[in-house]
Amino acid sequence: MELDDITISRAITESFLKDFSDAMEVDVAIVGAGPAGMTAAYYLAEEGIKTVIFERQLKVGGGMPGGGMMFNRIVVQEEGKKLLDKFGVATKEYQKGYYLADSLEATSTICSNTIKAGARIFNLISVEDVMIREEDRITGLVLNWSATTMAGLHVDPLTIRSKMVIDATGHASEVCHIVVNKIGANLRTETGGIAGEKPMWANVAESLIMDNTREVYPGLIVAGMAANAVYGAPRMGPIFGGMLLSGKRAAELVLDILSGK
Ligand code: 48F
């Protein structure tokens with residue numbers, strides 16, 4: 001068969017634009033394709049919820065592929081191992097209760113499961129603002145190509161509508177910061193603002209993260225490291241069980257809210 005370059009180009013652009021247009025009205029829009037965001041998307045898509053993730057970087061996985069200080073291994077505890085088992089990621093017991101996984105296998109396998117479950121991931125797109133309607137409820141996201149920001153170009157963004165948004169942006173908790181910067185300290189935290197993450201303490205961080213995974217503003221759930229940053233809990237470094245479990249918890253909260261529970 002003789003290959004036509006233009007057919008290849010059309011296949012890519014037509015298919016992408018169709019999917020991007022379809023993603024403009026979704027049930028759930030997730031910001032960040034780290035472990036928490038992808039796990040949330042997986043559990044939502046599995047339930048037939050129309051879910052999309054926007055990821056700023058070229059790669060997915062956030063802090064997961066880098067493991068601990070570029071040693072490409074991650075550690076999970078017993079509860080986290082159960083989720084890695086479900087995704088089909090191999091683990092090896094290091095000591096009782098500490099399980100090791102290859103960070104690249106974990107990242108790629110969780111990503112593959114997430115897409116195969118029906119969630120769509122758009123990389124290279126940054127969320128730069130939120131859309132607020134209906135009595136101060138978050139109803140969508142404002143997007144731009146990450147490359148426009150990197151190049152310092154003055155290009156106006158585009159907007160998508162979603163019933164719920166999940167902030168899974170990691171340490172930066174960017175969506176929560178956008179809300180506070182734009183409409184004041186109105187988050188469902190003690191002060192209404194962002195408490196900021198505390199120094200490394202894996203044991204405490206991992207135990208607090210589930211409770212910190214909450215609807216922090218109407219229509220906005222905060223998950224993963226962003227949840228601990230917003231509620232003033234410690235960071236935890238390269239143990240990842242809490243990220244996976246927080247993503248799952250975020251999906252459960254969204255399912256409850258969407259079903260009116
Ligand atoms: O940082 P990240 O992996 O967040 P997470 O899922 O997991 C945290 C761990 O990696 C690690 C840790 C574990 O113990 O503490 O830090 O909570 O993934 C967040 C993703 O969000 C993207 C960012 O590029 C990263 O891949 N991101 C951040 N801000 C935006 C964004 C934005 N405004 N628009 C799009 N993507």
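Analyst: In what follows, contact means heavy atoms within 4.5 Å. Please also note that this is a predicted model.

User: Which residues does Ile-166 touch?

Analyst: Leaving aside residues up to four places away in sequence, Ile-166 touches Val-28, Ala-29, Ile-30, Val-31, Ala-40, Leu-44, Leu-220, Ile-221, Ala-223, Ala-250 and Val-254.

User: And which members of the largest nonpolar core touch the most other members?

Analyst: Those are Val-28, Ile-30, Leu-44 and Ile-166, in a core of 43 residues. Helix H2, spanning residues 35-46, supplies the largest share of this core, with seven residues.

User: What does a second, separate core include?

Analyst: That core has 30 residues, among them Val-26, Val-175, Cys-176 and Val-180.

User: Turning to the sheet, in what order do the three strands stand?

Analyst: The order is E3-E5-E4, in an open sheet with antiparallel pairing. From one strand to the next, the twist averages 40°.

User: Why is one side of E3 and of E4 left without a neighbour in the sheet?

Analyst: Strand E3 (73-76) and strand E4 (92-95) are at the edges and each has a single partner strand, so one side of each lacks a neighbour in the sheet.

User: How many bridges pair E3 with E5?

Analyst: Four bridges join E3 to strand E5 (residues 98-102), in the antiparallel sense. Val-76 stands opposite Tyr-99 in E5.

User: Where do helices H3 and H4 lie?

Analyst: Helix H3 (residues 78-87) lies across E3 and E5 and runs at about 120° to E3. Helix H4 (residues 103-116) packs on the sheet and touches E3 and E5, its direction making about 75° with that of E5.

Note on methods: Residues numbered from 1 in each chain as written. Predicted model: local features only at pLDDT ≥ 70, side-chain atom pairs only at ≥ 80, totals over all residues. Heavy atoms only, no water. Core = buried A, V, L, I, M, F, W, Y, C linked by side-chain atoms within 4.5 Å. Buried < 20%, exposed > 50% of the residue type's maximum accessible area, 1.4 Å probe, protein only. Helix = DSSP H or I, 4+ residues; strand = E, 2+ residues; numbered from the N terminus. Pairing = 2+ DSSP bridges. Axes fitted to C-alpha atoms, helices over the stretch in contact; angles between N-to-C directions.
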